[in-house]
Amino acid sequence: MDLYAATVPVFDRMLGNMQTWIRTARDHALAKGFDESVYLTLRLAPDMLPLPRQIQIASDAAKSGAARLAGIEVPSWPDDEATIDALLQRIQKTRDFLKTVTPEQINGAETRPVSVPRRDKEPLQFQGQDFSRFFNLPNFYFHATTLYALLRHAGVPLGKMDFIGQPK
C-alpha cells in the first residue's frame, strides 16, 4: 500500500472540493440576497457541532493524520475562525501544510505506532495503516460530508460531482 498516495493527496483534493462548496455557498447567498454569515450557524441536529467546527475538525484530521503518519509534530492552530473568509483561509493553510509532507516521510509507516490523544481518556493506539484506514480517513470524511450536507440542506446548489470532484 502506498500510504502517502492513500492519504495526503486524498485530503488535499477533498479540502479543495470543500473550498469550492464554500465559495458556491457564498455565491448562493449573494444571489439570494442574504448574509453569508447565516451559514456559520448551520447544524443538522441540535446536538451537532455547527458548520465552522465541521471545517476545523476536517482540517485537524488532515493535518494531524499526515503529521502522525510522517512522525512529525502535529501543527496546533486555534479554532477561532468566525467568518467564511477565515474558514477558507483555514482550509488553504491545511493544504499548504500538506504540501510540506513528503511520500518518503509517510511510506513505510504502515506499522509505525500512532497514538491519538483524547480528552480525559487513554489515547487510541494504532499501527499506521489501521490508523489511516479505520480512524483518520473515516473521521475526515465524516466532517467533510457533514459540511456538504449542511450546505445542501441550506439550498446551496451542489451535486454529487461537487462532492467527488472533477478528475485532474
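Here is a short tour, grouped by topic.

This is a predicted model, where local features need pLDDT of at least 70, side-chain atom pairs count only at pLDDT 80 or more, and totals for chains, interfaces and linings use all residues. Residues are numbered from 1 along each chain as its sequence is written, and side-chain values use heavy atoms, with hydrogens and water left out.

**The largest pocket**

- The largest pocket has a volume of about 550 Å³.
- What counts as a pocket here? On a 1 Å grid over the protein atoms alone, a pocket is an open set of points where a 1.4 Å probe fits, with protein on both sides within 12 Å along at least five of seven lines. Lining residues have an atom within 4 Å of a point.
- Grid points are joined across faces, edges and corners, and the volume is the space filled by probe spheres set on the points.
- The lining of the largest pocket has 18 residues, and the closest to the centre are Ile57, Val116, Pro117, Arg119 and Asn139.
- Helix H2 (51-70), strand E1 (113-118) and helix H5 (128-153) are the elements that give two or more residues to this lining. Helices (H or I, at least four residues) and strands (E, at least two) are DSSP runs, numbered from the N terminus.
- H2 supplies the largest share of the lining, with 6 residues.
- By type, the lining splits into 8 nonpolar, 4 polar and 6 charged residues. Ala, Val, Leu, Ile, Met, Phe, Trp, Tyr, Cys and Pro count as nonpolar, Asp, Glu, Lys and Arg as charged, and the others, Gly among them, as polar.

**Helix H1**

- H1 has 25 residues and reaches 36 Å from its first C-alpha to its last, close to the 36 Å expected at 1.5 Å a residue. The expected span is 1.5 Å times one less than the number of residues in the helix.
- Gly33 follows H1 and has a positive phi, near 80°.
- Buried means under 20% relative accessible area, exposed over 50%, and partly exposed in between (1.4 Å probe, protein chains only).
- Gln19 touches Leu88, Ile91, Gln92 and Arg95, not counting residues up to four places away in sequence. Contact here means heavy atoms within 4.5 Å.
- Gln19 and Arg90 are 71 residues apart in sequence, yet 9.9 Å apart in space, C-alpha to C-alpha.

- H3 (residues 84-98) has 15 residues and spans 21 Å from its first C-alpha to its last, close to the 21 Å expected at 1.5 Å a residue.
- The buried residues in H3 include Ile84, Leu87, Leu88, Arg90, Ile91 and Thr94.
- Helix H1 (8-32) and H2 are among what covers the buried residues of H3.
- Over in H2 you'll find Ser59, which is buried at a relative accessible area of 0%.
- Leaving aside its neighbours within four places in sequence, Ser59 is in contact with Trp77, Arg90 and Thr94.

- E1 and strand E2 (residues 121-127) run antiparallel and are joined by 5 bridges. Two strands pair if DSSP finds at least two bridges between them.
- Which residues of E2 do Ser115 and Pro113 stand opposite? Ser115 stands opposite Gln125, and Pro113 stands opposite Gln127.
- Leu124 lies in E2 and counts as partly exposed, at 23% relative accessibility.
- Not counting residues up to four places away in sequence, Leu124 touches Val114, Ser115, Val116, Arg118 and Phe135.
- The hairpin has 2 residues between the strands. Asp120 sits in this loop between E1 and E2, and is exposed, with a relative accessible area of 82%.
- Most residues other than glycine have a negative phi. Asp120 has a positive phi of about 55° although it is not a glycine.

**Helix H5**

- His153 is in helix H5, and is exposed, with a relative accessible area of 66%.
- The C-alpha atoms of His153 and Leu44 are separated by 8.3 Å, though the two residues are 109 residues apart along the chain.
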